[in-house]
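These are my notebook entries on a single protein chain. I set out to look up its ring pairs, its pocket, its backbone geometry and a few individual residues.

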Amino acid sequence: MVVGWGDWQPFSYRNEQHQLQGLDIELLNAILQRADYQARFIEMPWTRVLHELEFGTVQLAMSANITTERQQYARFSHAYREEETVIIIRKEDEERWRKITTLEQLINTPDFHIGLLKGFDYGEAFRRLVADPKVKPRLQERFTLEQLLKMLNGGRIQGFILDPNSLQEWEHQGITLKQLHILLHIERTPVHLMLSKKSTSQAQLDRLNQAIDQLKQSPEYQQILTRYTPGLLAE
């Protein structure tokens, strides 16, 4: 199966030996092995993965939330793991924003501008947040974490939305994360494999679902998850 992927530690990336690895890569390979499939991985930006999936040139994508828009061109597997969505701020601003303990308070704080990654979805609560008329004018979309961090340090945004595990890329590059702090936990959401309706069948999805269920009941599943659980940021 043709799998679109992007460089996104710790989920999918190349190590120093240029070998493809990561949480999603290991989980997907374990799923495909049980379903008697093999993956042909093609690297591309996430926005292009979605585009190629819609037209059928990519058959499968990892780490996907179910949305109404995506359901027009994709079918979704059973959930194969969860992701967490948080608001991250600068550690030095912790005292300033410490009274924000709920999404409602965040929505009603007009001087708190929020960065997010373009094309990403983090679940139902995230969608309600970014669709709120009070929040929309305060959103800044960018393509990379580096851009969001630069905006945060420059005061153009006061926080950004992320799965905190994504910050492992900076940790591996020797960049300290002590200046960052989790202000607010938004939610934990299940993530799925996303299959192109144009180039896959329901029978293929059924085989993958059966393989996911088998993997989640095996010791290998927890072993893979444990290898990629870092606890990088202070609460």
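**Entry 1: aromatic rings**

Which residues do ring pairs link into a cluster? I worked from a predicted model, and there I found that Trp 8, Trp 46 and Phe 120 are joined into a cluster by ring pairs.

I counted 3 aromatic pairs. One of them is formed by Trp 8 and Phe 120, with 5.2 Å from centre to centre and 45° between the planes, and I noted this pair as tilted. I then looked up where the two partners sit: Trp 8 belongs to the loop between β1 and β2 (13-14), and Phe 120 to the loop between β7 (114-117) and α5 (124-131). The pair thus links distant parts of the chain, 112 residues apart.

Trp 46 and Phe 120 form a tilted aromatic pair as well, at 6.2 Å centre to centre and 45° between the planes. Because Trp 46 lies in helix α2 and Phe 120 in the loop between β7 and α5, I recorded that this pair ties together parts 74 residues apart in sequence.

**Entry 2: the largest pocket**

I next looked up the largest pocket, whose volume is about 630 Å³. Its lining consists of 30 residues, and those closest to the centre are Gly 6, Asp 7, Trp 8, Trp 46 and Phe 120. I divided the lining into 12 nonpolar, 8 polar and 10 charged residues.

Which element gives the most to this lining? I found that β5 does, with 3 residues. At least two residues each come from β1 (2-5), α2 (46-55), β5 (60-64), β6 and α6 (145-153).

**Entry 3: helix α2**

I turned to α2 and listed its buried residues: Trp 46, Val 49, Leu 50, Glu 52 and Leu 53. An α-helix has 3.6 residues a turn, so residues three or four places apart point the same way. I then asked what covers the buried residues of α2. The cover includes β1, β5, β6 and β10 (180-196). Just after the helix, Gly 56 takes a positive phi of about 90°.

**Entry 4: backbone geometry**

Most residues other than glycine have a negative phi, and most peptide bonds are trans.

The bond between Gln 9 and Pro 10 is a cis peptide bond, with omega of about 5°. I located Pro 10 in the loop between β1 and β2.

His 18 has a positive phi, near 65°, though it is a residue other than glycine. I placed His 18 in the loop between β2 and β3 (20-21), and its relative accessibility of 56% makes it count as exposed. Asp 36 likewise has a positive phi near 65° in a residue other than glycine. I found Asp 36 in the loop between α1 (23-35) and β4 (40-43), where it is exposed, with a relative accessible area of 65%.

**Entry 5: Glu 84**

Is Glu 84 buried or exposed? Its relative accessibility is 18%, so I recorded Glu 84 as buried. The residue lies in strand β6 (residues 74-90). Leaving out residues up to four places away in sequence, I listed what Glu 84 touches: Leu 162, Asp 163, Pro 164, His 185, Glu 187 and Arg 188. With His 185, the side chain of Glu 84 makes a polar contact of 2.4 Å.

**Entry 6: Met 1**

Met 1 is in the segment before β1, and it is buried, with a relative accessible area of 13%. Apart from neighbours within four places in sequence, its contacts include Leu 32, Tyr 37, Leu 60, Leu 195 and Leu 208. I also took the C-alpha to C-alpha distance from Met 1 to Lys 216: the two are 21 Å apart in space and 215 residues apart in sequence.

Note on methods:
Residues are numbered from 1 along each chain as its sequence is written. This is a predicted model: local features need pLDDT of at least 70, side-chain atom pairs count only at pLDDT 80 or more; totals for chains, interfaces and linings use all residues. Side-chain values use heavy atoms; hydrogens and water are left out. Helices (H or I, at least four residues) and strands (E, at least two) are DSSP runs, numbered from the N terminus. Buried means under 20% relative accessible area, exposed over 50%, partly exposed in between (1.4 Å probe, protein chains only). Contact means heavy atoms within 4.5 Å. A polar contact is a pair of N or O atoms within 3.5 Å; within protein, one must be able to donate a hydrogen and the other to accept it, and residues adjacent in sequence count only if both atoms are side-chain atoms. On a 1 Å grid over the protein atoms alone, a cavity is a set of points where a 1.4 Å probe fits but cannot get out, and a pocket is an open set with protein on both sides within 12 Å along at least five of seven lines; lining residues have an atom within 4 Å of a point. Grid points are joined across faces, edges and corners, and a volume is the space filled by probe spheres set on the points. Ala, Val, Leu, Ile, Met, Phe, Trp, Tyr, Cys and Pro count as nonpolar, Asp, Glu, Lys and Arg as charged, and the others, Gly among them, as polar. Rings of Phe, Tyr and Trp (its six-membered ring) pair if their centres lie within 6.5 Å; planes under 30 degrees apart count as stacked, over 60 as edge-to-face and the rest as tilted.
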